[in-house]
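Here are a few notes to keep beside you as you look at this structure for the first time.

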Amino acid sequence: MPMREQFMRTAAQEAMDGVKKGHGGPFGAVIVKDNRIIAKAHNEVIKNNDPTDHAEMIAIRSAAKKLGRFDLSDCELYTSCEPCPMCLSAIHWAKIEKVYYGCTRDDAAEIGFDDKYIYDVIKGTAEQKKVDLEQMEREVCLDAFFEWKAKEDKVQY
C-alpha cells in the first residue's frame, strides 16, 4: 500500500480511537515529514473541555514541539476530514503547504459539524452576527506593536 494511503488510514484510525474513547468528534490527523509520521492526534474537545482541541490543532502543536520550531513548511498534513476554518488558519500559520483530507465539510455537516456559518462570517455573507466585535483602546494597544516593530532581535513569523 502506498505511503499516502497508510498515512490517511492512520488519521482515520486516530478519528475512530477518539470516538471510542469519548474524547470528541470523529476527527483524526497526522503530520508527516520525510515520509515519517512525526505527530498524530484526534479530536479532544470533550476530553479537555477545550473548543480548540481539534485533531489538526493538537497535531500541529505536537509537531512544532517535537521539531522545536513553528515553521512546518517541510511537513504534510493528513486529516480524516476537510479542515474547519480554525484549523485551516492554523495550517496557514504553520506554513504547511500540502494537506490531504478524507471526508468533506458536507459530510461533517450531515453529522452535526456544520462550519458553513463560520465560512459565511469570513466571507462577509452571514445574515446575522453571533459575535459582536467592538474596537476600543487602540492607542494603548499600539504600544506593543511599536515595541515589536522597533525590536532588532525579533523572530518574524
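1. Please keep in mind that this is a predicted model.

2. Where do Phe-70 and Tyr-157 lie? Phe-70 is in the loop between α3 (55-67) and β3 (75-81), while Tyr-157 is in the segment after α7 (138-150), so their pairing ties together parts 87 residues apart in sequence. Phe-70 is partly exposed, at 42% relative accessibility, and Tyr-157 counts as exposed, at 56%.

3. Do also look at Phe-7, Tyr-78 and Tyr-100, which ring pairs link into a cluster.

4. Two tyrosines have a charged residue over the ring face. Arg-105 lies over the face of Tyr-119, 3.9 Å from the ring centre. Lys-130 lies over the face of Tyr-117, at 4.3 Å from the ring centre.

5. Finally, the cysteines. How many disulfides does the structure hold? The count is zero. For Cys-75, the nearest cysteine sulfur belongs to Cys-87 and is 16 Å away. Cys-103 is in no disulfide either: its nearest cysteine sulfur, that of Cys-81, is 5.4 Å away, and a disulfide needs the two sulfur atoms within 2.5 Å.

How values were computed: Residues are numbered from 1 along each chain as its sequence is written. This is a predicted model: local features need pLDDT of at least 70, side-chain atom pairs count only at pLDDT 80 or more; totals for chains, interfaces and linings use all residues. Side-chain values use heavy atoms; hydrogens and water are left out. Helices (H or I, at least four residues) and strands (E, at least two) are DSSP runs, numbered from the N terminus. Buried means under 20% relative accessible area, exposed over 50%, partly exposed in between (1.4 Å probe, protein chains only). Rings of Phe, Tyr and Trp (its six-membered ring) pair if their centres lie within 6.5 Å; planes under 30 degrees apart count as stacked, over 60 as edge-to-face and the rest as tilted. A charge sits over a ring if NZ of Lys or CZ of Arg is within 6 Å of the ring centre and within 35 degrees of the ring normal.
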